[in-house]
Amino acid sequence: MKIGIDIDDTICDTWKSLIPYLSKAFNVDKKILKESNKPYDDMWKYNYDEYCKFAKTYYKVLAPKYKLKKNARKIINKLKSEGNEIIFITARSDNGFEDPYKISYDYLSKHKIKFDKLIVCAKDKGKVCKEENIDIFIDDSVHNCQSISSYSIDVLMFDEKWNRDCNDYKRVYNWLDVYKAIKGVKNDGW
């Protein structure tokens with residue numbers, strides 16, 4: 001089975017790590033950011049160029065330190081050892097990173113996560129998943145899940161505050177849930 005996996009807020013806690021820095025850079029109360037139902041919400045009144053400048057300044061420092069979600073390494077490596085192909089597909093691009101591939105590769109390597117392929121700059125994850133013949137994809141973004149499922153690819157939506165209004169996909173709350181769901185997909189179909 002080919003398993004596609006997002007990085008930010010799927011294997012690591014990106015949003016939580018950014019809140020103090022976003023608060024300071026855009027003069028937004030941390031409480032508002034914590035309570036926001038959408039990461040990177042337009043309510044902060046920033047423009048895209050300002051956000052890219054912020055990203056280029058902070059992502060290179062913060063991204064290597066993002067906290068890995070509990071059991072992410074264990075489950076991903078178990079799935080890999082069981083013969084599944086693991087492909088990380090992320091929208092990380094040069095808008096936010098000087099070298100999105102290197103910083104992502106180094107993070108996965110640092111955390112000893114086994115994988116077969118890493119794809120960055122994936123603006124249309126559905127299209128990329130189709131091209132890579134992904135069987136199932138794990139992501140926290142409703143937009144990405146919609147794009148991916150439009151190609152008849154199974155999706156597991158990693159639970160986050162900003163996606164709780166969407167009930168169109170199988171929701172997983174942790175990496176043990178991911179493993180159970182994938183084993184169910186592999187053995188019994190969706």
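**Figure 1. Helix α1 crosses helix α3.** A crossing of two helices is called right-handed if the near helix is turned clockwise from the far one by less than a right angle, and left-handed if anticlockwise; α1 passes α3 in a right-handed crossing. The model is predicted, and local features therefore need pLDDT of at least 70, side-chain atom pairs count only at pLDDT 80 or more, and totals for chains, interfaces and linings use all residues. Residues are numbered from 1 along each chain as its sequence is written, and side-chain values use heavy atoms, with hydrogens and water left out. Helix α1 (residues 14-26) packs against helix α3 (residues 48-62) at an angle of about 140°, and their axes are 11 Å apart (axes are lines fitted to C-alpha atoms, for helices over the stretch in contact, and angles run from 0 to 180 degrees between N-to-C directions). This angle makes α1 oblique to α3 (under 35 degrees is roughly parallel, over 145 roughly antiparallel, 65 to 115 roughly perpendicular, and the rest oblique).

**Figure 2. Residues where α1 meets α3.** From α1, Ser17, Leu18, Tyr21, Leu22, Ala25 and Phe26 meet Glu50, Tyr51, Phe54, Tyr58, Tyr59 and Leu62 of α3, contact being heavy atoms within 4.5 Å. The residues of this contact divide into 10 nonpolar, 1 polar and 1 charged (Ala, Val, Leu, Ile, Met, Phe, Trp, Tyr, Cys and Pro count as nonpolar, Asp, Glu, Lys and Arg as charged, and the others, Gly among them, as polar).

**Figure 3. Strand β2 and its two partners, β1 and β3****.** Of the 5 residues in strand β2 (residues 85-89), 4 are buried, that is, under 20% relative accessible area with a 1.4 Å probe and protein chains only. Strand β1 (residues 2-5) runs parallel to β2 and is joined to that strand by 4 bridges, with Gly4 opposite Ile87. Strand β3 (residues 117-119) is also parallel to β2, through 3 bridges; here Phe88 stands opposite Leu118, and Ile89 opposite Ile119.

Figure 4. The 6 strands follow the order β3-β2-β1-β4-β5-β6 with parallel pairing (strands are DSSP runs of E of at least two residues, helices are runs of H or I of at least four, both numbered from the N terminus, and two strands pair if DSSP finds at least two bridges between them). Because β3 and β6 (170-172) stand at the edges with a single partner strand each, one side of each has no neighbour in the sheet. Neighbouring strands are turned by 25° against each other on average, direction ignored. Helix α7 (residues 142-149) lies across β4 (136-139) and β5 (154-158), and runs at about 170° to β5.

Technical notes
Buried < 20%, exposed > 50% of the residue type's maximum accessible area, 1.4 Å probe, protein only.
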